[in-house]
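Subject: Structure for you to look over

Dear colleague,

I am passing on the structure we spoke about, and I would be glad if you could look through it with my notes beside you.

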Amino acid sequence: QTQTETPNVTLTGIIIQAGNLYSLTISGNPPTVLDSRRVNLADYVGKTVSVTGQYSGTTLFVDKIE
């Protein structure tokens, strides 16, 4: 069995961009800062998506977007 340090998290919301920062807005919650080395977040700005990734501090590093 393989265990990772941080479990994968899936969140659904709208990706917004402010300058070169991306975040996921979820109704009733503060925005979640996003970063990714695998997915071009700019392609999803303004769209409602489900993002899956792992937290490093308060930033969610996205592995997959649906």
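Predicted model: local features only at pLDDT ≥ 70, side-chain atom pairs only at ≥ 80, totals over all residues.

Residues are numbered from 1 along each chain as its sequence is written, and side-chain values use heavy atoms, with hydrogens and water left out.

I begin with the strands, which, like helices, are DSSP runs numbered from the N terminus (strands are E runs of at least two residues, helices H or I runs of at least four). Strands β1 and β2 run antiparallel and are joined by five bridges, where two strands are said to pair if DSSP finds at least two bridges between them. Within this pair, Q17 stands opposite Y22 of β2, and the hairpin that β1 and β2 form has two residues between the strands, with G19 taking a positive phi near 65°. Strands β2 and β3 also pair in the antiparallel sense, over three bridges, and here Y22 stands opposite L34 in β3. Their hairpin has six residues between the strands, and in it G28 takes a positive phi near 85°.

The largest nonpolar core has 13 residues, and those with the most contacts inside it include L24, L34, V51 and V62. Such a core is a set of buried Ala, Val, Leu, Ile, Met, Phe, Trp, Tyr and Cys residues joined through side-chain atoms within 4.5 Å, and buried means under 20% relative accessible area, exposed over 50%, and partly exposed in between (1.4 Å probe, protein chains only). At least two residues of this core come from each of β1 (9-18), β2 (21-25), β4 (48-56) and β5 (59-65). Strand β5 gives the largest share, three residues. Leaving aside neighbours within four places in sequence, V51 is in contact (heavy atoms within 4.5 Å) with residues including L11, L24, L34, L60 and I65.

Two further residues show what surrounds a buried position. T32, in strand β3 (residues 32-35), counts as buried because its relative accessible area is 11%, and, not counting residues up to four places away in sequence, T32 touches L11, Y22, S23, L24, Y55 and L60.

Which side chains, finally, meet in salt bridges? The structure holds two of them, a salt bridge being a side-chain nitrogen of Lys or Arg within 4 Å of a carboxyl oxygen of Asp or Glu. One joins R38 and D63 (3.6 Å, N to O), and this pair links distant parts of the chain, with R38 in the loop between β3 and β4 and D63 in strand β5, 25 residues apart. R38 is exposed, at a relative accessible area of 67%, whereas D63, at 32%, is partly exposed. The side chains of E66 and K64 also meet in a salt bridge (3.6 Å, N to O). E66 is placed in the segment after β5 and counts as exposed because its relative accessibility is 62%, while K64, at 41%, counts as partly exposed.

With best wishes
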